[in-house]
Amino acid sequence: MSTTSSETPRSETARSRRIPKVPFWAQILLGLVLGVLLGWIAKSGDVSWLKTTLDTIGSLFVQLLKLAVAPLVFFAILVSITNLRQVNNAARLATRTLLWFMVTSLIAVAIGMAIGLISNPGAGTGLTPKDGKLPEHAGSWIDFLTGIIPKNVVTPFTDLKVMQIVFMATVAGIAALKLGDRAEPVLRLSRSVLELLQKALWWVIRLAPIGSLGLIGYAIADYGWDLISKYATFTVDIYVGCAIVLFGVYPLLLSAFAKVSPLQFFKGAWPAIQLAFVSRSSVGTMPLTQKVTERLGVPKEYASFAVPFGSTTKMDGCASIYPALAAIFIAQIFNVDLGVGDYILIAFVSVIGSAATAGLTGATVMLTLTLSTLGLPLEGVGLLMAIDPILDMMRTATNVAGQVVVPILVSAKEKILDRDAYARAAGVELEDSAVTEADAERKVSVPAPAGA
């Protein structure tokens with residue numbers, strides 16, 4: 001009996017060593033390739049059942065991600081605010097985080113406008129104003145400002161109004177800070193619920209290769225290359241603009257200001273970036289984003305604030321590059337000339353109104369907010385809805401990369417970045433649990449910044 005029981009673990013270990021583990025990024029890549037192939041088969045062969053199957057797979061994956069969004073945002077923001085009391089100079093960290101969000105947004109929107117002015121994405125498309133249609137819901141500054149405060153505590157969760165959830169979580173977090181030790185029972189419950197949600201969401205994240213197969217496959221089967229060709233210049237502009245920010249601006253900032261290797265950043269952050277590309281949800285990617293941010297040397301106490309905050313407000317792809325290019329595209333379709341003042345307004349909206357995207361799939365609200373501010377026809381939104389899922393993949397990947405970059409920049413400036421951890425993060429394959437035993441035992445200290 002004892003011999004059998006002692007040999008069983010060794011035999012299982014031997015078998016596990018013989019079976020090579022496929023990296024997570026390779027699983028997603030395989031899902032994308034198979035999705036494109038199946039989507040092409042469904043489109044070219046008019047295989048309706050295959051198209052329906054791909055749609056169902058992709059929709060269920062996104063639905064599972066969204067299922068945890070409302071409680072995840074609430075408890076993540078609440079806990080992150082209370083965690084700031086464990087960090088020296090918390091107010092300065094929060095201020096610098098916000099400033100870097102604004103700076104990178106301005107850079108991204110400037111790149112978007114420059115590409116649009118050079119490429120003229122609305123010219124030669126064959127599209128006309130008649131092809132557009134009014135969106136079901138349009139954003140305005142009044143709606144944006146008044147929509148932050150909920151009418152009751154239930155509707156934001158049932159209707160998934162993320163900014164209202166952020167507002168309530170912020171108020172609750174500040175109140176907990178004011179109450180001090182008296183709020184500790186509530187905070188312990190909140191931390192437990194947050195860990196539970198993150199654990200459940202990790203199970204969904206592991207389904208990303210299958211979800212990517214369904215999402216990209218249905219996109220190809222539904223839209224086809226003929227429709228995509230009409231938006232070829234605009235689509236290329238979005239991908240090029242996001243790629244410049246993702247592979248040009250971010251590495252430059254990391255190298256110049258944080259004095260760290262951009263290559264190491266991509267090796268460490270790539271799991272979150274590729275999941276964002278597939279899921280098209282910054283909030284759905286948030287647990288993985290926070291994990292890679294911590295593994296890149298950002299103290300857990302600060303990362304637990306910066307990442308949830310960024311997941312709902314830091315949108316370089318959706319709120320900067322996309323509305324700038326979309327405004328130029330729509331203006332050219334409707335023969336409206338944009339002046340210098342209009343481009344300044346685009347930059348203003350991208351910085352102040354970025355929270356309107358709320359970290360969810362799509363940036364329609366942000367686009368309608370931009371168009372209404374510029375006085376452009378809202379029917380232009382209908383022109384872009386057909387191609388939106390294809391665009392949203394690259395936009396969200398850029399969003400999430402920026403949500404990791406900014407905490408690294410701030411941590412480096414405050415001299416709290418663990419540079420050894422940053423170097424070790426390269427090539428790390430994340431496990432399918434939110435926190436491994438090694439991470440749970442590891443205590444991250446946050447020293448006072450030099451000169452504080």
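1. The chain folds into 21 helices and zero strands. Helices here are DSSP runs of H or I with at least four residues, strands are E runs of at least two, and numbering goes from the N terminus. Keep in mind that this is a predicted model: local features need pLDDT of at least 70, side-chain atom pairs count only at pLDDT 80 or more, and totals for chains, interfaces and linings use all residues. Residues are numbered from 1 along each chain as its sequence is written, and side-chain values use heavy atoms, with hydrogens and water left out.

2. A word on the chain as a whole. Of its 452 residues, 53% count as buried, where buried means under 20% relative accessible area, exposed means over 50%, and partly exposed is in between (1.4 Å probe, protein chains only). Take the contacts between residues at least 6 apart in sequence: 86% of them join residues at least 24 apart. Contact means heavy atoms within 4.5 Å.

3. Now the nonpolar core, meaning a set of buried Ala, Val, Leu, Ile, Met, Phe, Trp, Tyr and Cys residues joined through side-chain atoms within 4.5 Å. The largest one has 121 residues, and F234, F265, L384 and I408 touch the most other members. Helix α19 gives this core its largest share, 14 residues. In soluble globular proteins, nonpolar side chains tend to be buried together. For a look at one of those residues, go to I408: leaving aside neighbours within four places in sequence, I408 is in contact with L254, A258, F265, L296, V298, L417 and Y422.

4. What does helix α19 pack against at an angle of about 35 degrees? The partner is α13 (residues 282-295), and the axes of α13 and α19 (residues 388-413) are 10 Å apart. Axes are lines fitted to C-alpha atoms, for helices over the stretch in contact, and angles run from 0 to 180 degrees between N-to-C directions. On the α13 side you'll find S282, T285, T289, V292 and T293, which meet T396, N399, V400, Q403, V404 and P407 in α19. By class, this contact has four nonpolar, seven polar and no charged residues. Ala, Val, Leu, Ile, Met, Phe, Trp, Tyr, Cys and Pro count as nonpolar, Asp, Glu, Lys and Arg as charged, and the others, Gly among them, as polar.

5. Another helix pair worth a glance is α3 (residues 48-67) with α4 (residues 69-83), whose axes come within 5 Å and cross at roughly 35 degrees. Here L65, K66 and L67 in α3 meet V69, A70 and P71 in α4. That contact divides into five nonpolar, no polar and one charged.

6. On to salt bridges, that is, a side-chain nitrogen of Lys or Arg within 4 Å of a carboxyl oxygen of Asp or Glu. The whole structure has seven of them. One joins the side chains of R92 and E414 (3.1 Å, N to O). R92 lies in helix α5 (residues 90-119) and E414 in the loop between α19 and α20 (419-424), so the pair ties together parts that are 322 residues apart in sequence. R92 counts as partly exposed at 34% relative accessibility, whereas E414 is buried at 2%.

7. R280 forms a salt bridge with D392, with the closest N and O atoms 3.3 Å apart. This pair links distant parts of the chain, since R280 sits in the loop between α12 (262-279) and α13, 112 residues from D392. R280 and D392 are both buried. The side chains of D392 and R395 also meet in a salt bridge (2.7 Å, N to O); R395 and D392 both lie in helix α19, three residues apart, about one turn of the helix. Through shared partners, salt bridges join R280, D388, D392 and R395 into one network.

8. Last, two backbone spots to check. Most residues other than glycine have a negative phi. K259 has a positive phi, near 60 degrees, and its place is in the loop between α11 (232-258) and α12. Is K259 buried or exposed? K259 counts as exposed, at 62% relative accessibility. N335 has a positive phi as well, near 55 degrees. N335 lies in the loop between α15 and α16 (340-352) and counts as exposed at 70% relative accessibility.
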